[in-house]
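Please read these notes alongside the sequence and the coordinates. They are meant for someone opening this entry for the first time.

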Amino acid sequence: MQDVACPSAIWDIENECMSIDERKALQLQRLQTQVARLYDRVPFYRERLDSAGVSPDQIRSLDDVRRLPFTTKADLRDHYPYGMLAVPLEECARLHCSTGTTGKPTVVAYTKKDMEIWSDLVARFATAAGVHKHDLVQIAFGYGLFTGGFGLHYGMERIGACVLPVSGGNTDRQVQLLHDLRASVLVCTPSYSLHIAEVMKHAGLSPKDLNLRVGLFGSEPWTEEMRTEIEARLGISATDNYGLSEIIGPGVAGECGEKKGMHFQEDHFLVEHINPQTGEEAKPGELGELVITALTREAFAAIRYRTRDLCYLMDEPCPCGRTTRRMTKLVGRSDDMLIIRGVNVYPSQVEQVLLKMSGVEPHYLLTVARAGAMDHLEIKVEMQAALFSDEMKRLHKIEKELEHRLHSALGVSFKLTLVEPGTLERGAGKAKRVLDLRKKE
Ligand code: DLL
């Protein structure tokens, strides 16, 4: 690792800071090798390419990637459990499963080399976030099948940090360990970090009683307003990192010390940004879906994987010295976007409003149901304990104000229900922000 004159150190200066032309040449060479390899080894890809009328030797430029068909979650499910493997099972060193909410999970496999690369990619974004070898890292991600726990664990070990693998849940114990063992880095979902902060407060502890400096949060959408809140409640620098099991797990992109967008690890992933409706490249400045090709994965590699994740791309150079493109925070998943009476609504819009209001907590749930031909949206929001015990007049005032602000932000009518503090479900994993009852009808 080398220190350079930038706000955070760089783990792999050669690959993170290589010239854009050099990187494009490397990407093309890796893309050609990967497509040829998968065509030979995975019947699914051979059939797909054959029916699209393209052969691996037609990939002559990076733009030619658009000639290849997309791969979707449904394709992975249809080939459960091992149909997408590009190596014999005996050559795999690890299996993880993605946390599917419906149907069968997707199995993702890693060779020894895949795991080496994975650890390195996590080491890159953790270094960029400010982690170093003298840190003690408390990992509060689940380890069981989810890629978050082990992914972060191995990356932190690669840096030389000391790892405390607490895993998710048992928040009282998390707080006690944070206090007693004095971890300097916390790894979990952003929503869980807020829950840890709540439990900490109930235990009478303030950030000054802990030794935390950095938080590495990812795996679910969160807003800038949420970052400010977490930083204040835990007294840390909170950073975002992005990834998905189907591609590798954590390690696809992560923030540097600038905290202005997550750098893609473009030497290993070819990232496209498309209009989810048309499948064509999104226009500059447009919200688009990430489509990712894993250039170096051996055991399981996706070509043009439709992530359903929506964000903006940032092409301008970053002062940190890395030359990679960046993604903004995710606006949401296209399957999390609610269309209510023709209007697009994202949970992140609600979060932004809540974090600018006093009297309420950033714990919320959007429920949509259909009565006849009409969609009804209910937004449940937790009150702060002080407001709950306050007089009715103040409560009504805040309710009216919140209703007004949410209405201006969302542009649809809804029923607002203020609920008691601590009543909306909290978990160590991804927060559930949307309940769409229309899907069951
Ligand atoms: O969540 C991998 C991961 C673990 C990333 C730990 C970061 C940290 P999956 O369970 O397969 O994998 O879920 C992937 O989670 O498609 C996004 O919708 C969402 N997601 C991941 N990171 C972020 C993030 C892991 N930083 C899905 N912001 C992805 C917003 C995120 N959403």
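1. Basis of the model. The model is predicted; local features need pLDDT of at least 70, side-chain atom pairs count only at pLDDT 80 or more, and totals for chains, interfaces and linings use all residues. Residues are numbered from 1 along each chain as its sequence is written, and side-chain values use heavy atoms, with hydrogens and water left out.

2. Confidence. The average pLDDT (the predictor's confidence in each residue, from 0 to 100) is 94 for the protein, and 96% of the residues score at least 70. Over residues 1–7 pLDDT stays under 50, and the model has 15 contacts there beyond four places in sequence. Contact means heavy atoms within 4.5 Å. Where pLDDT is low, the predicted coordinates should not be read in detail.

3. Overall shape. The protein has twelve helices and 21 strands (DSSP runs, H or I of at least four residues for helices and E of at least two for strands, numbered from the N terminus). Its radius of gyration is 22 Å, close to the 22 Å from the globule rule for 441 residues, so the protein is as compact as a globular protein of that length. The radius is taken over C-alpha atoms, and the rule is 2.2 Å times the number of residues to the power 0.38. Along the principal axes, the C-alpha atoms fill a box of roughly 70 × 60 × 40 Å.

4. α5 and α6. Helix α5 (residues 112–129) packs on helix α6 (residues 147–159) at about 75°, with the axes 7 Å apart. Axes are lines fitted to C-alpha atoms, for helices over the stretch in contact, and angles run from 0 to 180 degrees between N-to-C directions. The two helices are therefore roughly perpendicular (65 to 115 degrees). Residues of α5 in the contact include W118 and F125, and those of α6 include Y154 and M156. By class, this contact has nine nonpolar, five polar and three charged residues.

5. α7 and α8. Which angle do α7 and α8 make? Helix α7 (residues 171–181) and helix α8 (residues 190–202) pack at about 75°, their axes 9 Å apart. T171, D172, Q174, V175 and L178 of α7 meet Y192, H195, I196, V199 and M200 of α8.

6. α8 and α9. The axes of α8 and helix α9 (residues 224–234) come within 10 Å and cross at roughly 35°.

7. Backbone details. The peptide bond from Y80 to P81 is cis, with omega near -5°; P81 lies in the loop between α4 (73–78) and β1 (92–97). N170, a residue other than glycine, has a positive phi near 50°, and its place is in the loop between β4 (162–164) and α7.

Conventions: Angles under 35 degrees count as roughly parallel, over 145 as roughly antiparallel, 65 to 115 as roughly perpendicular and the rest as oblique. Ala, Val, Leu, Ile, Met, Phe, Trp, Tyr, Cys and Pro count as nonpolar, Asp, Glu, Lys and Arg as charged, and the others, Gly among them, as polar.
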